[in-house]
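Dear colleague,

Please find below the structure I am handing over to you, together with its sequence. My notes on it follow.

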Amino acid sequence: DWTMRAFREEEIAKIRAQVGKGKVICGLSGGVDSAVAAVLIHEAIGDQLTCVFVDHGLMRLNEAEQVVDLFRHHYNIPLVHVDASKQFLGELEGVTDPEVKRKTIGRLFIEVFEQEAKKIGGADFLAQGTLYPDVIESVSFTGGPSVTIKSHHNVGGLPERMNMKLVEPLRELFKDEVRKLGRELGLPEIFVGRHPFPGPGLAIRCPGDITRAKLDILRQADAVYIDQIRKHGLYDDIWQAFAVLLPVKTVGVMGDGRTYDYVVGLRAVTSTDGMTADFYQFDMKFLGETATRIINEVKGVNRVVYDVTSKPPGTIEWE
Ligand code: XMP
């Protein structure tokens with residue numbers, strides 16, 4: 001793609017000019033944006049960049065391994081992998097309020113990141129995969145001018161606290177352009193084409209209190225759902241699809257026994273920028289088959305429901 005090749009060269013020159021001999025630290029989230037930003041910056045300044053991946057224990061199945069593999073093996077870019085799951089899940093214990101969850105995760109993220117920055121002797125710049133829609137939304141995430149619907153967790157507040165300047169090479173791009181740039185930089189398709197994933201991770205897909213046991217159930221149900229979507233060739237038609245674990249148990253019957261297990265909610269939407277969205281119109285056969293697979297393959301689930309709410313009035317995530 002000619003435009004992206006030109007963009008790549010231009011941005012590399014800009015990054016070099018901005019950073020000079022300074023040190024840059026970049027937080028990876030597992031998502032496309034931060035990965036593309038990191039690879040681009042690495043191309044520009046090589047080992048002046050340190051990538052940090054904070055695993056909060058709220059990732060999807062195998063996600064942490066995939067990130068580590070992409071950077072260390074595919075690109076040979078050094079990566080600091082911090083397993084902070086104990087700290088995050090510990091502090092989230094008993095927290096049920098969605099805003100408190102988001103703020104707790106945001107605060108811990110800053111703390112862990114600060115520790116890591118200290119270990120490398122500090123950094124002059126913080127790199128982020130901020131996109132154009134984030135720039136608009138960050139005024140008030142998803143909300144109108146004066147109401148905050150959700151506190152966007154992405155490292156806001158971090159640069160001032162740590163006295164770092166921002167490097168944001170994707171600030172003028174939309175998601176589809178970031179994907180093009182990712183392809184231009186040689187990121188594997190499985191990574192580039194990925195659905196967006198929120199910073200607070202599975203915490204906001206587990207309404208009510210969060211436990212390791214619930215997260216395990218959610219991760220497995222989500223993996224079956226995504227597998228179904230991929231097998232039916234629907235993944236690229238959908239902006240975002242994921243499972244939610246409801247904090248209720250209902251009665252069911254399996255074989256000749258009673259079950260009393262959790263309900264999984266399935267969400268899938270189409271959208272162009274995440275600001276508005278329509279629920280995805282699966283056919284009923286697909287939904288039925290997916291429900292059967294989840295109930296058969298995931299212990300602890302005996303009922304599956306599909307969310308038919310668009311945005312507005314619903315948001316994409318449940319919290
Ligand atoms: P909502 O739920 O507000 O989400 O309709 C719109 C889009 O933003 C993602 N999202 C987040 N992304 N940090 C992120 O990086 C967050 O705190 C956050 N909250 C929601 C959501 O997945 C959807 O794509």
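What average pLDDT does the protein chain have, and what share of the residues score at least 70? The model is a predicted one; its protein chain averages a pLDDT of 92, and 94% of the residues score at least 70. The ipTM is 0.99 and the pTM is 0.91. One stretch calls for caution: over residues 139-145 the pLDDT stays under 50, and the model has 14 contacts beyond four places in sequence for these residues. Where pLDDT is low, the predicted coordinates should not be read in detail.

Domains

The domain assignment divides the protein chain into domain 1, residues 2-192, and domain 2, residues 211-306. The centres of domain 1 and domain 2, taken over C-alpha atoms, are separated by 28 Å. Contact between them involves six residues of domain 1 and eight residues of domain 2. On the side of domain 1 that touches domain 2, four residues are nonpolar, two are charged and none is polar.

The sheet

An open sheet is formed by five strands in the order S3-S2-S1-S4-S5, with parallel pairing. Its edge strands are S3 (79-83) and S5 (165-167), each of which pairs on one side only. On average, and with direction ignored, neighbouring strands of this sheet are turned by 30° against each other.

At one end of that order, strand S4 (residues 125-127) pairs with S5 in the parallel sense over three bridges. Which residue of S5 is the bridge partner of Ala127? The partner is Val167.

A helix pair

Two packed helices are described by the angle between their axes and the distance between the axes. For helix H10 (residues 212-231) and helix H11 (residues 284-297), the angle is about 145° and the axes are 10 Å apart. The crossing of H10 past H11 is right-handed. H10 contributes Ala221, Val224, Tyr225 and Gln228 to the contact, while H11 contributes Thr290, Arg293, Ile294 and Glu297. By class, the residues of this contact comprise four nonpolar, two polar and two charged.

Yours sincerely

Terms used. Residues are numbered from 1 along each chain as its sequence is written. This is a predicted model: local features need pLDDT of at least 70, side-chain atom pairs count only at pLDDT 80 or more; totals for chains, interfaces and linings use all residues. pLDDT is the predictor's confidence in each residue, from 0 to 100. Two residues are in contact if their C-beta atoms, placed from the backbone, lie within 7 Å. Axes are lines fitted to C-alpha atoms, for helices over the stretch in contact, and angles run from 0 to 180 degrees between N-to-C directions. Helices (H or I, at least four residues) and strands (E, at least two) are DSSP runs, numbered from the N terminus. A crossing is left-handed if the near helix is turned anticlockwise from the far one by less than a right angle, and right-handed if clockwise. Ala, Val, Leu, Ile, Met, Phe, Trp, Tyr, Cys and Pro count as nonpolar, Asp, Glu, Lys and Arg as charged, and the others, Gly among them, as polar. Two strands pair if DSSP finds at least two bridges between them. Domain bounds come from an automatic or database domain assignment.
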